[in-house]
Amino acid sequence: MISSVFSAERLLFTPATPKSDAIATIFAFPNEYSVGITSLGYQVVWATLAMRSDVRVSRLFTDVSEPLPSQPELLGFSVSWELDYVNILNLLESLKIPLQANQRDRHHPLVFGGGSVLTANPEPFADFFDVILLGDGEQLLDNFIDAYQAVRSADRQTQLQALAQIPGIYVPSLYEVIYRELDGAIESIQPISPEIPAVVQKQTYRGNVLSASTVVTEKAAWENIYMIEVVRSCPEMCRFCLASYLTLPFRTASLENSLIPAIERGLKVTNRIGLLGASVTQHPEFEKLLDYISQPQYDDIRLNIASVRTNTVTVQLAQTLAKRDTKSLTIAVESGSSRLRQIINKKLENDEIIQAAINAKAGGLTHLKLYGMVGIPGEEPEDLDATVAMMNDIKKATAGLRLTLSCSTFVPKSHTPFQWLGVNRQAQKRLQFLQKQLQSRGIDFRPESYNWSLVQALLSRGDRRLSQLLQLTRNFGNSLGSFKRAFKQLQGKLPELDFYIHSHWSTQQVLPWNHLQGPLPSSTLLKHLADATSKFHQPSEKPEKVVAKC
Ligand code: SF4
C-alpha cells in the first residue's frame, strides 16, 4: 500500500506512463521523507526520471517507499549531507545489495549517486558506488540514462566502460590510486586502461531556466513550500566557499522565462514560496522580482529567502519580508576583522554590516542572525576581539533587534583555494572565547559543534581509504570518538586522523580529487591561495611551496 505521505503530494509535472520494458529504477534519498522531499535537487531528478517513459522509477526514503521493483536495474542516491552515508549503507543492506561495488554482479543494480557531497569529493564513498554523476544534473542525467539504454544488455564491465566515456560520469573502479606507503600520501591516480578518460570534468548547465519544485506537500520539512532557484553559484568567491567555487560560473534565472512562470505555477498550489540560491539578492533583477511579489494580489504570499548578501539588505527587502511572514534575516559576515575578511575575499566593511542591521530593523524585522567562523586561515586572537567589538556596535545601533551570532569552524573544502589548509587546532578555544564574551554582553551565541567540523573536514579531504573506515565507524556510532576508534583499528592501513583534518598539505601533493576537474584549474586556486596567505601575519600557517604565480 502506498504510504499516505505520497497521497498528500501535489505534483507540478505529468509523469509518463512507463513502457513495458522500462528500466526498473529505485531513486533514493538517504534520509527521511520529510528531509528528502524538501531537497530541490532530489525533486528535480525524480521528476526527470518519472517523465521518461523508458524508466519506471520508485522512490525510497529511510522511513517510507513507493512499491519497489523486485529486480531493479538502477539504484540512485541523491546525497546532500555527508553523514547520510550511514543510511546509504543501511539501505543497500536492506535491499540485499553488497555494500562494495566490486562485490556486485549482474544480479545487482548499478548503484549511482549524485548531489553536492559526491560532486565535491566522492572519494571517501567511492567504493560504494558503481557510477557517480559529477555536476549539474540537467543534461547529465538524461545522458546517463541514454548511455545506459545503449549498453543495457551488455555485461557489467562493458556497461561501466561505456558509461565512463560520457562527460561527467565517473566510474571509481576504473581508476587506480597508488599510495607512497599504505599510510602515506597519494602517489598517483590513473585510469586502469587508456580508453578511460584520465580526467572527469564536472558538468555545468548553462541555460537561464533554473530549477523549481516539482512537488509540494504538507509533509515536507518546510511545510507546503514551493522552491524556486533564483541563482546558481555565487560570484563572490570567498576563498573557503564550496557553494561558490564548486558551482561556478554564477548563473541567474531569467525573470521572464524562469522566475515569474515558476512563481505563477507555484501559487496555484500553495502560498508559500522559497527563493533559493547561494546569494539570492545578487540576481541582477532582484528588485524587479521583489516588486513583482509585492503586487497587492500576492499579499498573502509567505516568503522565505535562503541567503542574502549583507550589503544588499535594504529597508525595502526587510519590509517585503516582514509583510510576508518572515521576521528574521540571516547574513554571513564571517568575522568582525576587516583583515580576515580581506584574506577570505569577503568584500564587506563593518559599517555595511551595521547598516544592514539598521535597515533590517527599520523594515520591521525583529531578529537578525549573523553567521561567523573561527579558525579562518591567518586568524589571530585580536581578530576575535574585532568580532566581539563589531557585535557590540551592531547591538548599540539597533537597540531592540534580537541578535544571534551562529559560528562554525573553518573546514577545508575540495576545489577551493583553502583546500590545502587544515583545521585550526585553536578553533574550539576560540568558540569558547566568543561564547563568554558575547553572552556577557547579552548577545545570543550559537556555536556549531567543533567535533562535527572535524568529521566534516575528514570527509571533505578524505581519500578512498576512508571507505573501509566508514564501514567500520558505522557500527560504532556517529561521534568523533567513533571515527577515532576506527582509525586506531585500521592503524598502518591509512594515514592518521590528523593528516586529513589538521595538516596543511603541500601544494605539490596529489589530491584525492586530482582526476576530477572542478570549474577552475588548480593554477587559479593556487593564485587565490597565494593572495590570501600574503596577508597572513604568521608564515608558519602557510602550506609548503605556495607559488605566487602560475
Ligand atoms: S558570499 Fe556567501 S555564498 Fe558567496 S562566496 Fe561568500 S560565503 Fe559563499
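What follows is a short exchange about confidence, domains, sheets, the ligand shell and some backbone details.

Biologist: How do you know how far to trust the chain?

Modeller: This is a predicted model: local features need pLDDT of at least 70, side-chain atom pairs count only at pLDDT 80 or more, and totals for chains, interfaces and linings use all residues. Residues are numbered from 1 along each chain as its sequence is written, and side-chain values use heavy atoms, without hydrogens and water.

Biologist: Where is the pLDDT below 50?

Modeller: Over residues 546–550. Beyond near neighbours in sequence, that stretch has eleven contacts (heavy atoms within 4.5 Å) in the model. Where pLDDT is low, the predicted coordinates should not be read in detail.

Biologist: What makes domain 1 and domain 2 domains?

Modeller: The bounds come from an automatic or database domain assignment. That assignment gives 2–201 for domain 1 and 224–459 for domain 2. Their C-alpha centres lie 32 Å apart. The contact takes 18 residues from each of domain 1 and domain 2.

Biologist: Why are β17 and β20 said to stand at the edges?

Modeller: Start with the order, β17-β18-β19-β20, an open sheet with parallel pairing. Strands are DSSP runs of E, at least two residues, and helices are runs of H or I, at least four, numbered from the N terminus. Two strands pair if DSSP finds at least two bridges between them. β17 (328–334) and β20 (444–447) each have a single partner strand, so one side of each lacks a neighbour in the sheet. On average, neighbouring strands here are turned by 20 degrees against each other, direction ignored.

Biologist: How do you know that β19 and β20 pair?

Modeller: The model has four bridges between β19 (residues 402–409) and β20, in the parallel sense. At least two are required, so the pair qualifies. Ser406 has Arg446 in β20 as its bridge partner.

Biologist: What packs on this sheet?

Modeller: Helix α14 (residues 381–397) does, touching β17, β18 (367–374) and β19. Its direction makes about 160 degrees with that of β19. Axes are lines fitted to C-alpha atoms, for helices over the stretch in contact, and angles run from 0 to 180 degrees between N-to-C directions.

Biologist: What is the order in the sheet of six strands?

Modeller: It is β3-β2-β4-β5-β6-β7, an open sheet with mixed pairing. β3 (55–60) and β7 (169–170) stand at the edges, because each has a single partner strand. β2 (residues 23–28) and β4 (residues 74–78) pair in the parallel sense over four bridges. Helix α4 (residues 85–94) lies across β2, β3, β4 and β5 (110–114), at about 160 degrees to β4. Helix α7 (residues 156–163) lies across β5, β6 (131–133) and β7, at about 25 degrees to β5.

Biologist: Which residues surround the ligand?

Modeller: Among them are Cys234, Glu236, Met237, Phe240, Ser244 and Lys346. A residue is near a molecule if one of its heavy atoms lies within 4 Å of it. The shell divides into six nonpolar, one polar and three charged. Cys, Met and Phe count as nonpolar, and Glu and Lys as charged.

Biologist: What makes the peptide bond from Leu248 to Pro249 cis?

Modeller: Its omega is near 0 degrees. Pro249 is in the loop between α8 (242–245) and β14 (251–252).

Biologist: Which phi does His415 have, positive or negative?

Modeller: Positive, about 65 degrees, although His415 is not a glycine. His415 is found in the loop between β19 and α15 (427–439).

Conventions
pLDDT is the predictor's confidence in each residue, from 0 to 100.
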